Amino acid sequence: MNFLTLLDYASVLIFALTGALVASRAQLDIVGFAFVACLTAVGGGTVRDLLLNRDPVFWVGDPNYILLAAAAAVTVFFTAHLVESRMRWVIWLDSFALAIAVPAGTGAAIALGKEPVIVVLMGMATGSLGGLMRDVVCNEVPLVLKQGELYITCAMAGAITAVLAISAGLELRFALLACAGVCWTLRAGSILFGWHLPVYKSRPPRS
């Protein structure tokens, strides 16, 4: 198993856990758990592979990704009641999944020799779209768009870090580890300390 495949497996597992926890908040049945978990787990990577024209899409070529996500969903279905604050778990697990999925998407684009702007966009898409699908389907406020928190910014900063590290001559796996570190540090700082970018505030029109 190469490093990029390992990143895909790790992001699928953790995103699946977040999807199943959100499904528990929506009080879905076990099939609903599996659906939301799988959607969350492979959503971002699917968009990435379709945009990069990778054939086959990663989970179509290796169905073990879907089996792993489904197993995570079943596990959460029978254990979610043991968790006191499921939303808190969702937020923190999602932060780890983001910090794994962004390097996975970034690395996939780098391996195909894509231009830096495409590399950054693929890292952002892989890290954020699965969680966005999860929250929209379960009628939650998307973490990606939650006001006053860093999320997309973390993904972008991590992917840019990887691009700069590669251009500086760093080996791919170390560049992706730096990407993960930057991404998670910013996201954790946003959760713990309220780091955020300035938000738009409307002003009355000039007369």
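Let me start in a loop: Gln-27 sits between H1 and H2. This is a predicted model, so keep that in mind throughout. Gln-27 is not a glycine, yet its phi is positive, about 55°. Is Gln-27 buried or exposed? Exposed, with a relative accessibility of 72%.

A second residue belongs beside it. Asn-139 lies in the loop between helix H6, residues 116–137, and helix H7, residues 152–167. Asn-139 also has a positive phi, about 60°, and is not a glycine either. Its relative accessibility is 71%, so Asn-139 counts as exposed.

One more loop feature. Pro-56 is in the loop between H2 and helix H3, which covers 58–61. The peptide bond from Asp-55 to Pro-56 is cis, with omega near 0°.

Pair one is H2 with H4. H2 runs over residues 30–51, and H4 over residues 64–79. Their axes come within 8 Å. The crossing angle is roughly 135°. What does that make the pair? Oblique, because an angle has to be over 145 degrees to count as roughly antiparallel. The crossing is right-handed.

Who makes the contact? From H2 we have Ile-30, Phe-33, Ala-34, Ala-37, Cys-38, Ala-41 and Val-42. They meet Ile-66, Ala-69, Ala-70, Ala-73, Val-74, Val-76, Phe-77 and Phe-78 in H4. By class, that is 15 nonpolar residues, with no polar and no charged ones.

Let me zoom in on one of these. Ala-73 is in helix H4. Its relative accessibility is 1%, so Ala-73 counts as buried. What does Ala-73 touch, leaving out residues up to four places away in sequence? Ala-20, Phe-33, Ala-34 and Ala-37. Cys-38 is 35 residues from Ala-73 along the chain, and their C-alpha atoms are separated by 8.2 Å.

That brings us to the cysteines. Take Cys-38. Its closest cysteine sulfur is in Cys-138, 13 Å away, so the two are too far apart for a bond. Cys-38 is buried, at a relative accessible area of 15%.

Then Cys-183. For Cys-183, the nearest cysteine sulfur belongs to Cys-154, at 5.7 Å. The cut-off is 2.5 Å, so Cys-183 is in no disulfide. Cys-183 is buried too, at 0% relative accessibility.

Cys-183 takes us to pair two, H5 with H8, where it is one of the contact residues. H5 spans residues 86–111. The two helices pack at an angle of about 150°, with their axes 9 Å apart. Why do we call them roughly antiparallel? Because that angle is over 145 degrees. The crossing of H5 and H8 is right-handed.

The contact list runs along both helices. On the H5 side: Arg-88, Ile-91, Trp-92, Ser-95, Phe-96, Leu-98, Ala-99, Val-102, Pro-103, Thr-106, Gly-107 and Ile-110. On the H8 side: Leu-172, Leu-176, Cys-179, Ala-180, Cys-183, Trp-184, Arg-187, Ala-188, Ile-191 and Leu-192.

H1 covers residues 3–25, and H8 covers residues 172–193. Their axes are 11 Å apart, at an angle of about 25°. That is under 35 degrees, so H1 and H8 are roughly parallel. H1 contributes Phe-3, Leu-4 and Leu-7. H8 contributes Arg-173, Leu-176 and Leu-177. Five of these residues are nonpolar, none polar and one charged.

Last stop, past H8. His-196 is in the segment after that helix. Its relative accessibility is 47%, so His-196 counts as partly exposed. Which residues does His-196 touch, not counting those up to four places away in sequence? Gly-148, Glu-149 and Leu-150. Compare Ala-108, which is 88 residues from His-196 along the chain. The C-alpha atoms of that pair are separated by 29 Å.

Technical notes
Residues are numbered from 1 along each chain as its sequence is written. This is a predicted model: local features need pLDDT of at least 70, side-chain atom pairs count only at pLDDT 80 or more; totals for chains, interfaces and linings use all residues. Side-chain values use heavy atoms; hydrogens and water are left out. Axes are lines fitted to C-alpha atoms, for helices over the stretch in contact, and angles run from 0 to 180 degrees between N-to-C directions. Helices (H or I, at least four residues) and strands (E, at least two) are DSSP runs, numbered from the N terminus. Angles under 35 degrees count as roughly parallel, over 145 as roughly antiparallel, 65 to 115 as roughly perpendicular and the rest as oblique. A crossing is left-handed if the near helix is turned anticlockwise from the far one by less than a right angle, and right-handed if clockwise. Contact means heavy atoms within 4.5 Å. Ala, Val, Leu, Ile, Met, Phe, Trp, Tyr, Cys and Pro count as nonpolar, Asp, Glu, Lys and Arg as charged, and the others, Gly among them, as polar. Buried means under 20% relative accessible area, exposed over 50%, partly exposed in between (1.4 Å probe, protein chains only).
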